[in-house]
Amino acid sequence: MRPILTRTEPPMSSKTPRIETDRLILRPMSFDDWPDYASMLASKRSVHMGGPYDAEGAWGMFCRDAAQWDFFFVGALMMDEKSTGHCVGQVGINFGPPFPEYELGWLVYPEAEGKGYAFEAATALRDWAFNERGLTTLVSYIAPENDRSLALASRLGAVLDQNAARPDPYDLVLRHPKS
């Protein structure tokens, strides 16, 4: 049975955070992010996220990612390279009706893959979630055939939780350690 979702006040301002790492700025989404986001979700790279998506489906995902900040004080942040200002992907914490628990997720645009950006961004957002937002649990829902995301979750220290609820019965649930 799914828990009843309620809006509870976090131990901080509900303002969407801006987080800096060595190489990245994690910032709130803007409409300027839409074209690259839609292109990514229309591609085969989105297959492990339920895609590829048409424009309407991608728009729904884009709006959900942004709206979660107002509803649950979590959501998506875009990843900008500090050196160029170029957006290289997204990292986020998902919650709401499809998600049994708070979920840490990421997507990296093709030209930025393999540079460690997802690890850097996911580490920073995970630490923010536990230390600033006050979450007590955080998981990643990953398709069993998504080798790259499974490797990243493992590198982040997440461990398989076979007993956890999941939005898709075929997903693996990897539980992140509190930082």
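How many salt bridges does the structure hold? The count is 11. Keep in mind that this is a predicted model. Let's take the charged pairs, then the nonpolar cores, then the aromatic rings.

## Charged pairs

Side chains of opposite charge can pair when their charged atoms come close. Take Arg 18 and Glu 20, which form a salt bridge whose closest N and O atoms are 2.7 Å apart. Arg 18 is exposed, at 52% relative accessibility, while Glu 20 is partly exposed at 48%. Lys 82 joins in too: Arg 18, Glu 20 and Lys 82 are linked in a network of salt bridges.

Glu 113 and Arg 45 also meet through their side chains, at 2.7 Å from N to O. This pair links distant parts of the chain, 68 residues apart. Glu 113 sits in the loop between β5 and α3, and Arg 45 in the loop between α1 and α2. Both ends are partly exposed: Glu 113 has a relative accessibility of 32%, and Arg 45 has 31%.

Then there's Arg 126 with Asp 127, a salt bridge at 3.1 Å from N to O. Is Arg 126 buried or exposed? Arg 126 counts as buried, because its relative accessibility is 10% and the cut-off for buried is under 20%.

In soluble globular proteins, nonpolar side chains tend to be buried together. Here the largest nonpolar core has 35 residues, and the members that touch the most others are Leu 26, Val 91, Ile 93 and Trp 106. The largest share, 9 residues, comes from α3.

For a closer look, pick Ile 93. Leaving out residues up to four places away in sequence, Ile 93 has contacts that include Gln 68, Val 74, Tyr 102, Leu 104, Leu 125, Trp 128, Ala 129 and Leu 138. There's also a second, separate core of 15 residues, with Met 29, Trp 34, Met 61 and Cys 87 among them.

## Aromatic rings

A pair of aromatic rings is described by the distance of the centres and the angle of the planes. The structure has 10 aromatic pairs. One of them is Trp 34 with Trp 59, which is edge-to-face, at 5.1 Å centre to centre and 90° between the planes. Trp 34 lies in helix α1 (residues 34–42) and Trp 59 in helix α2, so the pair ties together parts that are 25 residues apart in sequence. Trp 34 is buried, with a relative accessible area of 16%, whereas Trp 59 is partly exposed at 38%.

Phe 71 and Phe 72 make another edge-to-face pair, at 6.3 Å centre to centre and 70° between the planes. Phe 72 counts as buried, at 13% relative accessibility.

Elsewhere, a charge and a ring come together, as Arg 155 lies over the face of Phe 119, at 3.8 Å from the ring centre.

Terms used:
Residues are numbered from 1 along each chain as its sequence is written. This is a predicted model: local features need pLDDT of at least 70, side-chain atom pairs count only at pLDDT 80 or more; totals for chains, interfaces and linings use all residues. Side-chain values use heavy atoms; hydrogens and water are left out. A nonpolar core is a set of buried Ala, Val, Leu, Ile, Met, Phe, Trp, Tyr and Cys residues joined through side-chain atoms within 4.5 Å. Buried means under 20% relative accessible area, exposed over 50%, partly exposed in between (1.4 Å probe, protein chains only). Helices (H or I, at least four residues) and strands (E, at least two) are DSSP runs, numbered from the N terminus. Contact means heavy atoms within 4.5 Å. Rings of Phe, Tyr and Trp (its six-membered ring) pair if their centres lie within 6.5 Å; planes under 30 degrees apart count as stacked, over 60 as edge-to-face and the rest as tilted. A charge sits over a ring if NZ of Lys or CZ of Arg is within 6 Å of the ring centre and within 35 degrees of the ring normal. A salt bridge is a side-chain nitrogen of Lys or Arg within 4 Å of a carboxyl oxygen of Asp or Glu.
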